[in-house]
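I opened this notebook to record what I looked up in one protein chain, entry by entry.

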Amino acid sequence: MTTSEPTPPSGDEELQRQQMLDALTEAVDNEDIEFSTAIAMKQKSLRLFEVAEYMDVKRRHTEDPVESRRWEVALHAFLRSLEDVELTAEDAEIINGIIKNLEFEAITSDEGASDRDDKVGEETTEEDDNWQQDKFGIALDTETIDKISNLPVFAPAERLARGTTSKAPDLASAIKHVEVYVEGELAEQMLKIIDYYVYRVAEAFAKGNSSRAPNFDNAHNTVDTYGSEAEVKVRMKAALDKYVFISAEIAASGTSSRAPNLKLAKDLIKTYASSPGRHDAMLHKLGFI
């Protein structure tokens, strides 16, 4: 018995694919994440996992770190839009693989965390202009993270903190589980891992999505309520600055449906920028000072 080769797309189909990818790329370049998600969800030229793979490849292989970050934000938005979509087995397997890779990268991306921690409290730092590349990660080595993640006592806490497609993350219960059952340095390390999930919830508020506007009050309240310690909260808010600037830039520039709102742009930066240095750098970037 022989198997037939997949039928290659016709000329018209290939043109439709390319037009869709061009439109998607333009939306990402313009940081119109809502539109990029709409394009990805409504198009019929590519399967959902192919769109996710395309975004992930662009994220990982684009040399410009700012452009790479735009693709990362767009990919996260697209993946969130799939949470209530019934996927085929093939789509689900590949998309879940992309999600796991993103989670592992995020959980181990805190290179230089100790250097940044030493600067906490300074009015300005050399990273004032670097909010677009700022990421939050766990200040533990990969070996320790893997070891703790495999401990049976930690599994319920991590499930609660992660949430599921049908149940929102329960950070309070996750933290309480650790505090009740674990003691000493191990408990502190577990709470540092839960900090990653705290940041994910805060980041989701800061990003917003196609049906919900960014909410920085909720993002910062999540950090203040559930972050494990003061320096962690500082780093979380610094990593959220990229979304503060995106919202301020959109407010200052306006959109096809909204006129520029310079007061809102300045108020967003004044209220939510994580440090005086970042505040001034953002205002300078937008031409206010």
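Before counting anything, I noted that a helix here is a DSSP run of H or I with at least four residues, and that helices are numbered from the N terminus. I also reminded myself that this is a predicted model.

**Entry 1: the chain as a whole**

I looked up the secondary structure and found 14 helices and zero strands in the protein chain, so written because helices and strands are both taken as DSSP runs. Of the 289 residues in the chain, 40% are buried.

**Entry 2: the largest cavity**

How many cavities of 30 Å³ or more does the count give? The count comes to two, and the largest of them holds about 120 Å³ of space. I listed its lining as E31, I33, V66, R69, R70, V73, W131, Q132, K242, F245 and I246. Two elements give two or more residues to this lining, namely helix 4 (65-81) and helix 12 (230-253). Helix 4 gives the most, with four residues. When I sorted the lining of the largest cavity by kind, I had six nonpolar residues, one polar residue and four charged residues.

**Entry 3: the second largest cavity**

The second largest cavity has a volume of about 30 Å³, and I wrote down F136, G137, I138, A139, K192, D195, E231, V232 and R235 as the residues that line it. Helix 10 (184-207) and helix 12 each supply at least two residues of this lining, with the largest share, three residues, coming from helix 12.

Which residues of helix 13 (residues 262-272) are buried? I found A265, L268, I269 and Y272. Seen down the axis of helix 13, these buried residues fall within an arc of 100°, so they line one face of the helix. On the face turned away from the buried side of helix 13, I noted the exposed residues K263, K270 and T271. I then asked what covers the buried residues of helix 13, and the cover includes helix 11 (216-226), helix 12 and helix 14 (276-285). At the start of helix 13, a side-chain oxygen of N261 reaches to within 3.4 Å of the backbone nitrogen of K263.

**Entry 4: D91 in helix 5**

My last entry concerns D91, which lies in helix 5 (residues 89-107). Is D91 buried or exposed? The cut-off for buried is under 20% relative accessible area, and D91, at 5% relative accessibility, therefore counts as buried. Leaving out residues up to four places away in sequence, I found that D91 touches R47, L48 and F49. For the pair D91 and R47, I noted a separation of 44 residues in sequence and a C-alpha to C-alpha distance of 7.7 Å in space.

Definitions and conventions: Residues are numbered from 1 along each chain as its sequence is written. This is a predicted model: local features need pLDDT of at least 70, side-chain atom pairs count only at pLDDT 80 or more; totals for chains, interfaces and linings use all residues. Side-chain values use heavy atoms; hydrogens and water are left out. On a 1 Å grid over the protein atoms alone, a cavity is a set of points where a 1.4 Å probe fits but cannot get out, and a pocket is an open set with protein on both sides within 12 Å along at least five of seven lines; lining residues have an atom within 4 Å of a point. Grid points are joined across faces, edges and corners, and a volume is the space filled by probe spheres set on the points. Ala, Val, Leu, Ile, Met, Phe, Trp, Tyr, Cys and Pro count as nonpolar, Asp, Glu, Lys and Arg as charged, and the others, Gly among them, as polar. Buried means under 20% relative accessible area, exposed over 50%, partly exposed in between (1.4 Å probe, protein chains only). The arc is that of the directions from the helix axis to the C-beta atoms. Contact means heavy atoms within 4.5 Å. A polar contact is a pair of N or O atoms within 3.5 Å; within protein, one must be able to donate a hydrogen and the other to accept it, and residues adjacent in sequence count only if both atoms are side-chain atoms.
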